[in-house]
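This report is an introduction for a reader who has not seen the structure before. Please look over the sequence and the model first, then read on by topic.

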Amino acid sequence: ALLSRPAGRLRACRGLAAGPEMHFGFQTVTEEERREKIYQVFESVAKKYDVMNDSMTLGIHRVWKDTLMHKMNPSPGTLLLDVAGGTGDIAFRFINYVRSVRERQLQRKLKHHQNLSWQEIFESYQKDKFNSLGDSQVVVCDINREMLKVGKQKAQHLGYSEGLSWVLGNAEELPFDNDKFDVYTIAFGIRNVTRIDLALQEAYRVLKPGGRFLCLEFSHVSNPLLSRLYDLYSFQVIPVLGEVIAGDWKSYQYLVESIRRFPPQEELKAMIEDVGFFKVDYENLNFGIVAIHSGFKL
Amino acid sequence: VRCQHHPPLRALQASAALRRASDEHKKEPRTSSSQQHFDSPPAGHQPEQESQGPRPSYTGQGGQESEDYESEEQLQHRILTAALEFVPEHGWTAEAIAEGAKTLGLSVAAAGMFHSDGSELVLHFMSECNTKLSKLLEKEQKLVQLGKAEKKPIDEFLRHAVEARLRMLIPYIEKWPQALSVLLFPRNIPASLNLLTSMIDDIWHYAGDQSTDFNWYTRRAVLTGIYNTTELVMMQDSSPDFEDTWRFLENRVADAVTMSNTASQVQSTGEAVVQGLMGAAVTVSN
């Protein structure tokens, strides 16, 4: 019975390629249709993406993303791949974090070398000055050209230049080689991936041994009272905000429905473990409205 | 609790998924073989080897390798041990752990497996030192039993044991105050207290302490006091080879021994006095 399982899975895998039923929010569509619809959703919301995030979550999404960065605790020299990173929120936070850690590092090094002459201190400062990020780099990968465009504009506007790369790519089939990245993040993106298992496999593939997988995503609230309030807010308020602010009711209807369709914490944890990650764990933020899943490639 | 204990079925799924992924993406099977031995199966159940061959060994192919380890815990121990080398430079921090992980060929992100305050590193170091001390004392005890060495008097034995243990701190002495403060975090207190008491227990055990009465507690309390105070003195000792510290230690041990002698003297004097009084009372009543 054990031997038949892998073969059965392969069969199922090939079957899916033919275009079975998938969910798009609460609708039922084929795989191809789903990809296209999602692409259109993000194409249309790209310009108002950040504004909508702020108004829907009352700015709390910033705290969520900060928490993710804090949990990652990257040290200078880390190579980060931010998938579905679109408008660059995670990437910018990463750069800020690494920059401040690097500053502290340099300060500590200077304190250590207090017995050096002024000349030597000045020279060492010059040497490290061109390394304010400590060789850290972030690659922002997104399937949607519009989102990347908005992200690049934001980067220019906010003054982020070094250590940042923008790549067009599909989370289910990343254009990167094996064992390349230290950390892989996907923040509020994996919900929109059509084949989550493929995305997880790709994540595993491109991570270095010892690398970390981090997923920040809307999840399930178990508290019944809170769940009712959350549902109320999601289905009554958010699409209205979508229409008023972005002029797009349907995209935000999709957003809310896709959150409900997404696997809950334990199920996602099992999927991550299935792909081969170890020490898989999740942390609920705001009672499960959002969860951060973490796993290591060991 | 993070560790998962899934049946070996899971290992098979993982390797099956990886083999599928490797078929689709033409990946080398080296990483899939590393999954095979992660979940140590219960006795009697062999996970299907499926042409994975013998246990994968640590190969250094261009910086990428399979892990040869039995469990997450062993890997974590290896990382922490490797991290100790970087403590003098980075302190007891996640950075030291990240550097340690790097030397093992892992990504720096592996340091994310541990707390960001370096607690596990300090506790790991303490536990390693205690193990080393036990082995040392055991070896010496064997020598005494074989008649190859003299049995030390109690005060010399205690001095020797505490000095040996404290000497292990010397390579990290500059950052040890930081370690002490980490050990005082509320979350770490149960673990650090545990390590301290088991070390003291060990020393008394090898000193030949067989007491089963109240003495057991007093002895441990006294030695704990001696150890802690000597450790603190060592923190700010700048004499060559810490001779001030060892002299302090000698004095404290001598004090303790004197105190216990005095205590027993007081006890026997007290008994004598009581007997004298009783005798006088009997005489008077007659």
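## A buried salt bridge in chain A

K65(A) and D89(A) are both buried. Their side chains meet in a salt bridge, with N to O at 2.7 Å. The model is predicted, and the distance given here is computed from it.

Chain A also holds a network of salt bridges, which links E31(A), E32(A), R35(A) and E172(A). Over all chains, the count comes to 27 salt bridges.

## Salt bridges in chain B

In chain B, the side chains of K102(B) and E99(B) form a salt bridge at 4.0 Å, N to O. Both residues lie in helix α5 of chain B, residues 94-103, where they are three residues apart, about one turn of the helix. K102(B) is partly exposed, because its relative accessible area is 47%. E99(B) also counts as partly exposed, at 24% relative accessibility.

R167(B) and D241(B) form another salt bridge, with the closest N and O atoms 3.1 Å apart. This pair links distant parts of the chain, 74 residues apart: R167(B) is in helix α7 (residues 154-167) of chain B, and D241(B) is in the loop between α10 (215-235) and α11 (243-285) of chain B. With a relative accessible area of 29%, R167(B) is partly exposed.

## Aromatic pairs

A pair of aromatic rings is described by the distance of the centres and the angle of the planes. Over all chains, the count comes to 17 aromatic pairs. In one of them, the ring centres of F188(A) and F218(A) are 4.8 Å apart and the planes stand at 40 degrees, so the pair is tilted. F188(A) lies in the loop between β6 (181-187) and α8 (196-206) of chain A, while F218(A) lies in strand β7 (residues 207-218) of chain A, so the pair ties together parts that are 30 residues apart in sequence.

W216(B) is partly exposed, with a relative accessible area of 32%, whereas Y217(B) is exposed, with 54%. Back in chain A, one aromatic cluster is formed by Y184(A), Y204(A), F213(A) and F277(A).

## Helix α11 of chain A

Which residues of helix α11 (residues 265-275) of chain A are buried? They are Q265(A), L268(A), K269(A), I272(A), E273(A) and V275(A). Seen down the axis of α11(A), these buried residues fall within an arc of 160 degrees, so they line one face of the helix. Just after α11(A) comes G276(A), which takes a positive phi of about 120 degrees.

## A nonpolar patch on the surface

L58(A), I60(A) and V63(A) form a nonpolar patch on the surface of the model, and together they have about 280 Å² of accessible area. L58(A) is found in the loop between α3 (49-57) and α4 (60-72) of chain A. L58(A) is exposed, with a relative accessible area of 66%.

## Chain B as a whole

The secondary structure of chain B comes to 11 helices and zero strands. Read from the N terminus on, the elements run α-α-α-α-α-α-α-α-α-α-α. Chain B has 286 residues, of which 41% count as buried.

For chain B, an unreviewed UniProt entry lists residues 189-258 as "domain: COQ9 C-terminal". In the model, the span of residues 189-258 of chain B is 79% helix and 0% strand, and its end C-alpha atoms lie 32 Å apart.

Terms used:
Residues numbered from 1 in each chain as written. Chains lettered and ligands numbered in written order. Predicted model: local features only at pLDDT ≥ 70, side-chain atom pairs only at ≥ 80, totals over all residues. Heavy atoms only, no water. Buried < 20%, exposed > 50% of the residue type's maximum accessible area, 1.4 Å probe, protein only. Helix = DSSP H or I, 4+ residues; strand = E, 2+ residues; numbered from the N terminus. Arc of directions from axis to C-beta. UniProt positions renumbered as here; feature names shortened; annotations may be inferred. Patch = residues over 30% accessible without salt bridge, like charges linked within 9 Å, V, L, I, M, F, W, Y side chains within 5 Å. Areas by Shrake-Rupley, 256 points an atom, 1.4 Å probe, with all protein chains shown as cover. Phe/Tyr/Trp six-rings, centres within 6.5 Å; stacked < 30°, edge-to-face > 60°.
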